[in-house]
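I opened the notebook for this model. I wanted the ligand site, then the fold, then the backbone.

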Amino acid sequence: MAAKVRPLIAGNWKMNGLKSAAQREVKKLAGRMRKQGRPGCDVLVCPPAHLLAPLLAAVKGSRIALGGQDCHAAASGAHTGDISAEMLADAGCGYVIVGHSERRADHGESSRNVRAKAEAVHRAGLRAIICVGETGAERKRRQTLAVVGKQLTDSLPKGCTARNTVVAYEPVWAIGTGLTPTADDVAQVHAFIRARMQRRFREHGAGMRLLYGGSVKASNAVELMALENVDGALVGGASLTATDFWPIVQTSI
Ligand code: PGA
């Protein structure tokens, strides 16, 4: 068995959050972490871009990192409404989520686009959290491993290391629905991803963090986080308040 890697519990706030309430929640989370002492996992919050500056002030002195939810592949230029990985680095981010299924579905992002974005994240010296996952229809057709395998091949650029890349397995049908795969199903997909990563990235693949995402909450986090090859969680709805997020962080502390 590979040595246990340091888990990452990441909150993806999506398009939620306004300044003062967001600062309050993050300060509350930081306070709980401080009381607990040195956490045995990394903790990340990925808010909408307008909250990066106010939250950077709120996390100061804590061990909470900030991340972006998406980026453009270019460093700068005529791309109205977009944000680059360099800009996210400039705003104090340590990570950027790329290839989330909501980006793939709502913005027609292909795995090729995702790969270019992941390259941009690496270029900016940040860590990419690259998301993959099958739809409900694909799972019913028993295509989960084929779909995830193809997304991994096409979305992960050359040069991925255990340090600069995190893979998040997020079954699309489990996101925001309250549904989760069985522990056996999650373990099977994660073992498959681990094997793929080791084959392609050798020892880096062995040490790369593999997150599970999709309706993670306090009530299922203990079971999910205990699974082999599950090195943390990407949490949407249950990351929006410290009250919901803290018990999930605690499963990996
Ligand atoms: P959820 O979202 O936890 O609300 O299901 C997870 C995600 O989309 O990253």
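A molecule sits in a pocket if more than half of its atoms lie within 2 Å of the grid points. By that test the ligand sits in the second largest pocket.

I noted the ground rules. This is a predicted model, in which local features need pLDDT of at least 70, side-chain atom pairs need 80 or more, and totals for chains, interfaces and linings use all residues. Residues are numbered from 1 along each chain as its sequence is written, and side-chain values use heavy atoms, without hydrogens or water.

**Polar contacts.** I took pairs of N or O atoms within 3.5 Å. A polar side-chain atom of His100 is 2.6 Å from a ligand oxygen. For Glu170, also through a polar side-chain atom, I read 2.7 Å to an oxygen of the ligand. Gly237 uses a polar backbone atom, 2.9 Å from a ligand oxygen. I then checked burial: the ligand alone exposes 280 Å², and the protein buries 95% of that (Shrake-Rupley method, 1.4 Å probe).

**Fold.** I counted DSSP runs, helices as H or I of at least four residues and strands as E of at least two. The protein chain has 11 helices and 8 strands.

**Backbone.** Lys14 has phi near 55° and is in the loop between β1 (8-12) and α1 (19-36). Arg142 has phi of about 60°, in the loop between α6 (136-140) and α7 (144-155).

Notes: A polar contact is a pair of N or O atoms within 3.5 Å; within protein, one must be able to donate a hydrogen and the other to accept it, and residues adjacent in sequence count only if both atoms are side-chain atoms. On a 1 Å grid over the protein atoms alone, a cavity is a set of points where a 1.4 Å probe fits but cannot get out, and a pocket is an open set with protein on both sides within 12 Å along at least five of seven lines; lining residues have an atom within 4 Å of a point.
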